[in-house]
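Here are some notes to read alongside the model. Have a look at it first, then work through the points.

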Amino acid sequence: MERIIDSQLDVLRDKLLLLGGTTEKAVHRAMQSLTQRDSDLAQQVIDDDKVINKMEVDIDRLSVEILALQQPAAHDLRFVISVAKITPILERIADHAANIAEAAIILNNEPEVRSYVDFPKMAEIAGEMLQAALDAFTSEDAETSRKVIKRDEEIDKIYDKVFGELIEMMIRDPDSTPSAAHLLFVAKHLERIGDYVKDICELNVYLTEAAFIKHKKSIKKLKKQAKREKK
Amino acid sequence: MKSKISIKNLDFHYGPNQALFDINLKIKEREVMAFIGPSGCGKSTFIRTINRMNDTIPIAKVSGEVLIDGKDIYAPKTDVVSLRRKVGMVFQKSNPFPKSVFENVAYGIRINRMHSGKSDLEDRVEKALVDAALWDEVKDRLNSSAFGLSGGQQQRLCIARALAVQPEVILMDEPASALDPIATQKIEELVVELKKEYTIAIVTHNMQQAARVSDKTAFFMLGKLIEVNPTEIMFTNPEDQLTEDYITGRFG
């Protein structure tokens with residue numbers, strides 16, 4: 001016999017996946033607007049962010065309703081909690097996409113300062129990670145989630161490289177500083193998206209195994225981070 | 001914290017029907033353990049073995065050990081009256097005596113000869129009523145009939161009656177199932193307060209109640225103890241699929 005809560009949990013899952021898909025699209029289109037210098041597309045990404053904000057509120061409302069009226073326990077509870085925590089993460093990823101689009105509009109009005117070779121790679125990895133994280137959420141696959149978490153290091157590496165190159169460019173050619181600064185922000189947005197996807201994966205592990213794995217950075221990783229910050 | 005109650009290999013039969021199967025369980029001192037499970041799963045039968053309430057059923061047969069403070073309460077020399085003073089019980093339906101509020105609480109103190117005079121008796125009755133969070137509501141009507149109290153007050157009077165003889169363990173068999181939400185909340189607050197001094201075993205059909213008041217929860221099904229774990233584990237990540245299915249309403 002189907003429980004009353006089952007259909008509500010299905011609706012909640014569908015709404016989250018729809019938000020996830022829309023967010024993925026926003027990131028992809030924001031990067032496209034930058035690399036193809038398409039300001040109209042950038043403007044669309046900015047405008048569509050309002051739709052994503054509405055989706056977030058809708059999921060919040062349904063999550064609260066299920067918690068209050070169905071009083072879920074065990075896996076059901078972990079599911080609602082995970083959705084309620086993943087939702088604002090997706091919304092923030094979409095905010096980063098909108099910020100990239102805003103930067104694109106500014107940069108598209110300036111002469112191209114450098115080719116964006118590394119940016120599409122960063123965006124590609126972030127997009128793959130996001131898609132894999134949402135798939136792992138649907139299939140409740142903790143193992144894949146853990147693998148996706150590791151991929152964030154790939155984004156971090158490219159970010160370090162891009163950061164160094166842009167600083168060098170500003171020193172070498174002070175006229176490029178305003179554009180390079182915007183590109184620095186773009187790189188940072190992509191790096192943050194990687195971090196957020198990591199957070200989603202940590203929640204996937206919580207959903208599947210009831211294990212809290214966040215804030216458990218290895219000493220090796222902390223040392224590596226300290227070294228990077230020193231540079 | 002040491003174990004107040006230890007159950008070892010407990011079997012229970014009603015005539016030819018086995019109601020409990022090889023139960024092994026420990027309840028620590030000043031711990032609240034909630035017992036949940038579908039109707040007829042044996043949870044009430046189980047807590048009644050802790051103060052030998054099932055002795056009154058002629059066809060009942062118990063085997064295994066129930067140790068309180070390390071002593072087997074089913075040993076032949078056990079004084080059952082003294083055991084029931086040490087292990088008090090509160091039932092689903094409040095059952096005050098047809099006497100005044102004062103006499104309901106004073107009764108156990110008198111028959112156990114625990115008081116040294118009238119004033120001591122009054123002090124003990126007052127303390128029991130205060131501990132049962134009822135004093136403020138009845139202090140001006142101590143000589144009125146207990147039947148004039150509301151359902152929730154009558155239940156707290158029964159708790160006061162159990163507390164008056166200074167028990168160490170309190171067994172509660174669905175103490176709030178017949179009460180409205182406000183009275184239920186008072187009983188739950190009382191349980192949380194009482195655990196500072198007493199070890200409490202509470203049977204409940206209300207899983208949210210188990211979640212709110214207990215330190216550990218035990219899940220029974222068909223006479224078997226399926227799982228016992230800290231309550232927060234039971235309600236967020238139970239070990240056994242049967243527990244998960246029960247608490248998420250997939251059966252029961």
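1. Ground rules. This is a predicted model, where local features need pLDDT of at least 70 and side-chain atom pairs pLDDT 80 or more, while totals for chains, interfaces and linings use all residues. Residues are numbered from 1 along each chain as its sequence is written, chains are lettered from A in the order in which they are written, and side-chain values use heavy atoms, without hydrogens and water.

2. The helix. Take α6 of chain A, residues 177-209: its 33 residues reach 48 Å from first C-alpha to last, close to the 48 Å expected at 1.5 Å a residue. That expected span is 1.5 Å times one less than the number of residues. Helices here are DSSP runs of H or I, at least four residues, and strands are runs of E, at least two. Just past α6(A), Ala210(A) has a positive phi of about 60 degrees.

3. The sheet. In chain B, four strands make an open antiparallel sheet, ordered β2-β1-β4-β5; strands pair if DSSP finds at least two bridges between them. β2 (17-28) and β5 (71-72) of chain B are the edges, each pairing on one side only. Leu67(B) has Asp72(B) in β5(B) as its bridge partner.

4. The interface. Ten residues of chain B are in contact (heavy atoms within 4.5 Å) with eleven of chain A.
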